[in-house]
Amino acid sequence: MKKAAAIAGFLALLALLVALPRLVSSYKLLTYTRFLILALMAQGWNFIGGYTGYAAFGNVAYFGIGAYTTGLLMIGKWHVPFFPALAAGALLSALVAILLGLPILRLKGHYFAIATLGVAEALSQVADTWDSVTEGSTGIDLPLKTEGEFFYYTALGFVIVGLLCTAAFSRSKLGNGCVAIREDQDAARMLGINTTLFKVIAYALSAVFAALAGGLTAYQNIHVTPGDFFKIDYTLQMIIATIIGGAGTVLGPVLGAAVFQLLSTYVWSKFLELHPTILGVIIVLFIVFLPRGLMTVLGRKRQRGERPFRMSDLLANVRAHRVT
Amino acid sequence: MSALPSPVPRIPGDSILEARGITKKFGGLAAVDGIDLTIRRGEILGVIGPNGAGKTTFVNCMTGLEKPTAGTIVFNGQDITKTPSYRIGRLGMARTFQVVKPLRQLTVRENVATGAMFGARGSERSAAQARHEADEVLERVGLADMRGRTATELTILDLKRLELAKALAMDPQLLFLDEVMAGLNQSEIEKAMELILRVNRSGVTLFVIEHVMKAIMGISDRLTVLHYGRKIAEGNPKDIVESPAVIEAYLGERFARRAEAAGEENALIEPGTFLKAPPAPAGDTLLEVKNLVSGYGEVQILRDVSLEVKDKEIVALIGANGAGKTTLLWTISQLLKPMGGSVHFAGRDITAARSDEVVGAGVVHVPQGRRLFAGLTVRENLMQGVYLRRDTERIEQDLERIFSLLPLLKERAGQLAGRLSGGEQQMCAIGRGLMSRPRLLLIDELSLGLAPLVVDSLLDLITEINREGTTVLLVEQDVQVALEHAHRGYVLETGRIVQTGPAEELLDDPRIRQAYLGL
């Protein structure tokens, strides 16, 4: 009964999203496309950061690799069409993630975060200085494509596939193993889980999603420069969206991306100057009161009819995350 | 235990695991130093030894969590010395962790299902089948009612069960149990023994590390004693506990005297044999707890507790797991604010006072699990106890006094607390408490996970500091030991004080003997 209602609601939402380009202006559609692309990145980050519990702070590297690979293949002498070029970008990202993941996924906690941060910075420098291929800081220009609907529907398609992938992942042995790694790596090893393999797979998955988002954004923006495509903002946005929504849940990243985009757009339109400050405060409040994300609010209400916000959560959160 | 299936027939000389010359060095220190050990198929091999003897490190080496510096391990005829731990798990070896390692945010069922997914028969099962298998295992260990709870909601007793369930779900042939009974009371220990025997009879070979002597004597086919990383004795359990080397290294003289006094094993739990506490002083009331109500969130744990502790007294607080002993100590030291009732200390109302005011008044809490600062040295940990003291000139003097009471700490003063063995950590925690110059010391689970000999020396320490004028309220799972060293005792049951009296009377009380001493 409840399940049927949920499915009906979901289908209605889907129908609305499909019909959306006919309902809103092309400028507004851009905002929705941006939300979907953020959702896609967040879904990717969710595999490594949410399910596996590794704070990857450099996923923008794969966003950038996706963007550059897609762009260079499209404008090079082969003139590869968009989708094969995008697929090549995703594959290359996965490959890089596997090669980099093998050493850096041995690090834990802050060290891993810093290593990933370093990787993103290093790749940004490569893009900046490898003039013969990337045109350095001038950047590259992709073929022009103006139909906003194309980007919207492509992103929507990817996000839906992403949802299906995440749902399958969370029920699979792979997903279960990744969660075990997040909860206690030694215990996971003793339970027979090949932790290195699982972590690398989760990391590569997150790279694929970031690369898809990167390639799509590149095609939409036409112009790709190291400064625009390797900036840490993307990494932060995907992390914040995932955490607001609920890390390690199927719907969380998408929900979080929607809330983040909504807030960001709204706050921006109201407080042009103070925009980052106010957005920052809102994010802090979210993280303090809802450490496990919006999905827990829905889950808690469904399970026990408890109040969704409690002071004790704040205290428990502080207690759980103090440095020991 | 009568309904147990008969033991698995054993083929003499058939070994499931052969460890030869196992050595594990950390820095220059050998935690395990050339141990040869054979585990026979189908047996229960008990392993005892003082804290820091290398028991857990040995298990870590066997299960691949740490790679031995030297030596070879052969499991079922296959050399696994260099095999990664996850593959060892799939070969049919499983373990529990002394400090439980649940997958915290997952439900009990998901925890166990993970074992079933990746264990020896994991490749035969789909994720859904593994979850189904988990239900059966939970039934076996008596956790079926808890399957939907997340691991964080469980009590320590259930976490230990979960630890076992996770390991069993891996369908192991050889299972290492690392102190699964620490913190259980007598009747819980009986149940745990029965469960362990059942697991063994179903065909699992067991390697059991345990400090609870009664349990280890009751279930082991053979007994091995480790000391300073070496094997010092092995053989029939009864012979082993009478061996002078084992008594000296591990059991302590008191245990031996007790055993000798009655000439048989039962004497270990004969009450009143070796009463240690000095004569009871007739001081004024120091701590007065009246009608205390306390708990967490909406869950009430203490429902109307009243007790008093007189100046210079040692009072034991006993009761089953979950009775509310720890909650009571937390509420007295105001780490947990009471919902009702009052706490008076030295005539002053400290109900709902800030915890630093409580410490300032002279009430110092040595928490369960020690809670040391693992990244600080022993000396730095001890110095954490002096924050509220103004008599700076006497601090050095007190530090010297603690080092003279606990010479082991002096040797280790520069070491990180996280590297200490369990007994040393407990000493350090008590030392840190003493550095605050308490008038009243609250000690939670003094003997948890400690070797008998260490427990003896800690109890001597408590008698000593009490003689010097410190009042002690002691929570202790080992009722016998607690009451032998206390002047008076209180019995807590489901949040209420159900009995009180002089320690000797409680020791001889048939109800207490039945409930906590398993007689």
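What follows walks through the overall build of the two chains, how they touch, and how some of the helices in chain A pack. The model is a predicted one, so everything below is computed from predicted coordinates.

Chain A first. The secondary structure here comes to 16 helices and two strands. Its radius of gyration works out at 20 Å, close to the 20 Å that the globule rule gives for 324 residues, so chain A is as compact as a globular protein of that length. Laid along the principal axes, the C-alpha trace of chain A covers about 60 × 50 × 40 Å.

Chain B has 19 helices and 20 strands. Its radius of gyration is 24 Å, which agrees with the value near 24 Å that a compact globule of 519 residues would have. The box filled by the C-alpha atoms of chain B, again taken along the principal axes, is roughly 70 × 45 × 45 Å.

The contact between them brings together eleven residues of domain 1 of chain B and 13 residues of domain 2 of chain B. On the domain 1 side, the elements giving two or more residues are α2 (85–91) and α6 (186–201) of chain B. That side of domain 1 of chain B splits into six nonpolar, three polar and two charged residues.

Now for the contact between the chains. Chain A puts in 19 residues and chain B puts in 23 residues. Two helices of chain A, α8 (173–183) and α9 (185–190), each supply at least two residues of the side that touches chain B. The biggest share of that side comes from α8(A), with six residues. By class, the side of chain A that touches chain B holds six nonpolar, seven polar and six charged residues.

Inside chain A, helix packing is the next topic. In general, a packed helix pair is described by the angle between the two axes and the distance between the axes. Take helix α2 (residues 26–51) of chain A and helix α12 (residues 232–245) of chain A: the packing angle is about 75°, and the axes are 8 Å apart. With 65 to 115 degrees counting as roughly perpendicular, α2(A) and α12(A) are therefore roughly perpendicular to each other. From α2(A), the residues in this contact are Leu38(A), Met41(A), Ala42(A), Trp45(A), Asn46(A), Gly49(A) and Gly50(A), and they meet Tyr234(A), Gln237(A), Met238(A), Ile239(A), Ala241(A) and Thr242(A) of α12(A). Sorted by class, the contact of α2(A) with α12(A) has eight nonpolar, five polar and no charged residues.

Helix α2(A) also packs against helix α10 (residues 195–221) of chain A, where the axes come within 8 Å and cross at roughly 165°. That makes α2(A) roughly antiparallel to α10(A), and the crossing is left-handed. The α2(A) residues involved include Ile37(A), Leu40(A), Met41(A), Trp45(A), Phe47(A) and Tyr51(A), while those from α10(A) include Tyr203(A), Leu205(A), Phe209(A), Leu212(A) and Leu216(A). The class count for the contact of α2(A) with α10(A) is 16 nonpolar, four polar and no charged residues. Met41(A) and Trp45(A) turn up in the contact with α12(A) and also in the contact with α10(A).

Last up is the pair made by helix α13 (residues 252–270) and helix α14 (residues 275–289), both of chain A, which pack at about 140° with axes 9 Å apart. Angles over 145 degrees would count as roughly antiparallel, so α13(A) and α14(A) are instead oblique to each other. Their crossing is right-handed.

Conventions: Residues are numbered from 1 along each chain as its sequence is written. Chains are lettered from A and ligands numbered from 1 in the order in which they are written. This is a predicted model: local features need pLDDT of at least 70, side-chain atom pairs count only at pLDDT 80 or more; totals for chains, interfaces and linings use all residues. Axes are lines fitted to C-alpha atoms, for helices over the stretch in contact, and angles run from 0 to 180 degrees between N-to-C directions. Helices (H or I, at least four residues) and strands (E, at least two) are DSSP runs, numbered from the N terminus. Angles under 35 degrees count as roughly parallel, over 145 as roughly antiparallel, 65 to 115 as roughly perpendicular and the rest as oblique. A crossing is left-handed if the near helix is turned anticlockwise from the far one by less than a right angle, and right-handed if clockwise. Two residues are in contact if their C-beta atoms, placed from the backbone, lie within 7 Å. Ala, Val, Leu, Ile, Met, Phe, Trp, Tyr, Cys and Pro count as nonpolar, Asp, Glu, Lys and Arg as charged, and the others, Gly among them, as polar. The radius of gyration is taken over C-alpha atoms; the globule rule is 2.2 Å times the number of residues to the power 0.38.
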